[in-house]
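Here are a few friendly notes to read alongside the model. Take them one at a time and find each spot as you go.

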Amino acid sequence: MLCATESSDSYTGLVPGQLAQLLGIPPLTFATALTVDGSTVTIKRQSGAGYDVVTSELPALVTVTTAINEPRYPTLKGILGAKKKEIRKYTAADLGLSPTDVGEGGAREKVLSVGRPAARPPGTIIKDDGEGGTRIADFLAGLKLI
């Protein structure tokens, strides 16, 4: 199964991992290259140290980044041919799904609100008149950070 890494609505990246869990298959994430050899899939993903190579038996769920592919642009022949193709539409019922399986009823996460974050109070300004270090230490101790 192939998925994008994240959706453009909230960029959480939760759905592919949840889908893999529900299907009982391993998730291979952030693929920048993908090869399938028989019943084995191998991905390459960028990491802080270079590239990681991850291999799994199929079936597996692979999430890909934008680096996975260079776009292919359609030819005029392909565009004209696409106009003649039948577009099949499926309803939830056609797929054996009830209204509680799809849409808001089937959602496993919920957006509670969208908007600007609350304004933060202004910070504390400490001017160094020779005692700045002590005041900073006292301030951090008051926050129980030291």
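1. Start with the surface: Leu2, Leu34, Val36 and Leu58 make a nonpolar patch of about 350 Å². Areas come from the Shrake-Rupley method with a 1.4 Å probe, and for residues only the protein chains shown count as cover.

2. A word on the source: this is a predicted model, where local features need pLDDT of at least 70 and side-chain atom pairs count only at pLDDT 80 or more, while totals for chains, interfaces and linings use all residues. Residues are numbered from 1 along each chain as its sequence is written, and side-chain values use heavy atoms, leaving out hydrogens and water.

3. Leu2 belongs to strand 1 (residues 2-4). Strands (E, at least two residues) and helices (H or I, at least four) are DSSP runs numbered from the N terminus. With a relative accessible area of 57%, Leu2 is exposed (buried is under 20%, exposed over 50%, partly exposed in between).

4. Leu58 is joined to Pro59 by a cis peptide bond, with omega about 5°. Pro59 sits in the loop between strand 5 (50-57) and strand 6 (61-64).

5. Phe30, in strand 2 (residues 27-31), has a positive phi near 60°. Its relative accessibility of 44% makes Phe30 partly exposed.

6. Lys144 also has a positive phi, about 60°. Lys144 lies in the segment after helix 4 (132-142) and is exposed at 76% relative accessibility.

Definitions and conventions
Patch = residues over 30% accessible without salt bridge, like charges linked within 9 Å, V, L, I, M, F, W, Y side chains within 5 Å. Salt bridge = Lys/Arg side-chain N within 4 Å of Asp/Glu carboxyl O. Buried < 20%, exposed > 50% of the residue type's maximum accessible area, 1.4 Å probe, protein only.
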